[in-house]
Amino acid sequence: MVVEYALNYALVPNIGSEDDFWFFVQDGTNFVSQCWYTGGIKQNSGWHWQNRKHHTKSWTDMKKFVQYMTKYSAYYSDNNKPVARICRDKNSVQIGDLIQFRNNADIWYKLAIITEIKNSEIYYVQHSPNCLEHRLSEDNVKEFRFICAKN
């Protein structure tokens, strides 16, 4: 469901009424939150969306999202384990996992959703800017890492 949602809304955001997922100027983290929520990660008081005026920072702020998913989500889980982990080995990723990019100024600056892995090539979609099925090998970034959902 994560990939289907990501592909459906990669180019045209899922916006409608105020209660729907609102599109922000910098919308990347909001987009991956929508995708992971659609994929089954449960909302709670630490990570949720009610409407564009009532949501947690961890839903829309990349740094807080990564901290929540890899650390603080453990406080809200039944097994006291976070829902994701940071990994650097591209051979351990799956579709639906995330890519986080670091620029030459050493700033982690965007998230994207892995939608396909074919012949060792990773393809992704993202918002801000919106793109569909981009190849990771074509990116000119200083570094990238993965936010891998724990199954």
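Modeller: Sorted by class, the lining of the largest pocket comprises nine nonpolar, nine polar and five charged residues (Ala, Val, Leu, Ile, Met, Phe, Trp, Tyr, Cys and Pro are nonpolar, Asp, Glu, Lys and Arg charged, and the others, Gly among them, polar). The volume of this pocket is about 630 Å³, taken as the space filled by probe spheres on its grid points, which are joined across faces, edges and corners. There are 23 lining residues, and G40, I41, K42, V83 and K150 are the closest to the centre. A pocket here is an open set of points on a 1 Å grid over the protein atoms alone, where a 1.4 Å probe fits, with protein on both sides within 12 Å along at least five of seven lines; lining residues have an atom within 4 Å of a point.

A word on the source: this is a predicted model, in which local features need pLDDT of at least 70 and side-chain atom pairs pLDDT 80 or more, while totals for chains, interfaces and linings use all residues. Residues are numbered from 1 along each chain as its sequence is written, and side-chain values use heavy atoms, without hydrogens or water.

Buried in α2 are G28, T29, N30, F31, V32, S33, Q34, C35 and W36. Buried means under 20% relative accessible area, exposed over 50%, and partly exposed in between (1.4 Å probe, protein chains only); helices (H or I, at least four residues) and strands (E, at least two) are DSSP runs numbered from the N terminus.

T115, in strand β5, is another buried residue, with a relative accessibility of 7%. Its side chain makes a polar contact with the side chain of E133 at 2.3 Å (N or O atoms within 3.5 Å, one able to donate a hydrogen and the other to accept it; residues adjacent in sequence count only through two side-chain atoms). Beyond its neighbours within four places in sequence, T115 is in contact (heavy atoms within 4.5 Å) with V3, A6, L7, I95, Y123, Y124, V125 and E133.

R135 lies in strand β7 and is partly exposed, at 35%. Leaving out residues up to four places away in sequence, R135 touches E121, I122, Y123 and Y124. Its C-alpha atom is 26 Å from that of W59, a residue 76 places away along the chain. R135 also forms a salt bridge with E138, where the closest N and O atoms are 4.0 Å apart (a Lys or Arg side-chain nitrogen within 4 Å of an Asp or Glu carboxyl oxygen).

The structure holds five salt bridges. One of them pairs E143 with R88, with 2.9 Å between the closest N and O atoms. That pair ties together distant parts of the chain, 55 residues apart: E143 sits in strand β8 (143–149) and R88 in the loop between β3 (84–87) and β4 (98–102). Both partners are partly exposed, E143 at 24% and R88 at 49%. Another salt bridge joins D106 to K142, with closest N and O atoms at 2.4 Å. D106 is partly exposed at 43%, and so is K142 at 45%. Shared partners also bring R88, R102 and E143 into one network of salt bridges.

Finally, the loop between β6 (121–126) and β7 is worth a look, with N130 as one of its residues. N130 is partly exposed, at 27%. A polar atom of its side chain lies 3.2 Å from the backbone oxygen of L11, and the N130 side chain also reaches the backbone nitrogen of S128 at 3.3 Å. Most residues other than glycine have a negative phi, and most peptide bonds are trans. S128, in this loop, has a positive phi of about 65 degrees without being a glycine. The peptide bond joining S128 and P129 is cis, with omega about 0 degrees. N119, in the loop between β5 and β6, is a further non-glycine with a positive phi, about 55 degrees, and it is exposed at 74%.
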